[in-house]
Amino acid sequence: MVNSQASGVPPAPRSCAGCGGKIADRFLLFSMERYWHTHCLKCSCCQAQLGDIGTTCYSKGGLILCRSDYIKLFGACSACGQSIPANEMVMRAQGNVYHIKCFSCATCRNRLIPGDRFHYINGTIFCEHDRPGPALHNSHLAPLQSSSVLTDQKVC
């Protein structure tokens with residue numbers, strides 16, 4: 001993310017994606033295919049200057065985020081609670097996000113893959129074979145929801 005003008009020949013001034021001004025500083029940042037003043041590349045949530053807190057930033061849904069805010073908003077697996085790297089493939093169900101390895105049937109623990117049918121009941125995933133029967137369904141569970149597994153890639 002951080003670029004330095006280390007060569008003896010200064011490059012042509014670049015425009016900052018944040019403020020639109022020319023970048024004549026000794027250091028500049030390159031992120032999301034654009035150049036930034038070090039003070040202009042900020043986290044959309046906490047306003048931290050991203051060049052000051054590390055060498056990575058995250059982008060999703062038009063937001064530029066620090067690692068901490070990215071994890072708070074998008075990056076925790078609903079099954080294990082661990083963070084999900086921005087470039088890792090994920091599985092999604094009912095608005096929840098899962099590591100691919102964590103998206104598995106609660107009964108048989110078999111991992112579900114794209115195209116598999118599954119049932120999502122009160123936050124629990126069941127494969128087609130282990131779908132709770134009518135007796136269990138009528139006790140205290142929400143109506144069965146059948147869905148196809150979808151994949152989504154987090155954006156760097």
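The following dialogue concerns a predicted model of a protein.

Colleague: What makes up the secondary structure of the protein?

Modeller: The protein contains three helices and 13 strands. One of the strands is β4, which covers residues 27–31.

Colleague: Why is Ser31 counted as buried?

Modeller: The relative accessibility of Ser31 is 7%. Buried means under 20%, so Ser31 counts as buried. Ser31 is found in strand β4. Across the protein, buried residues make up 31% of the 156 residues.

Colleague: Which residues are in contact with Ser31, leaving aside its neighbours within four places in sequence?

Modeller: They are Trp36, Leu41 and Cys57. A contact requires heavy atoms within 4.5 Å, and each of these three residues is in contact with Ser31.

Colleague: How do you know that strands β8 and β9 pair?

Modeller: Pairing requires at least two bridges. Four bridges join β8 (residues 89–93) to β9 (residues 96–99), and the two strands therefore pair. They run antiparallel, and Ala93 stands opposite Asn96 in β9.

Colleague: What do β8 and β9 form, and how many residues lie between them?

Modeller: They form a hairpin, with two residues between the strands. Gln94, in the turn, has a positive phi of about 50°.

Colleague: What share of the contacts between residues at least 6 apart in sequence join residues at least 24 apart?

Modeller: Of those contacts in the protein, 34% join residues at least 24 apart.

Note on methods. Residues numbered from 1 in each chain as written. Predicted model: local features only at pLDDT ≥ 70, side-chain atom pairs only at ≥ 80, totals over all residues. Heavy atoms only, no water. Buried < 20%, exposed > 50% of the residue type's maximum accessible area, 1.4 Å probe, protein only.
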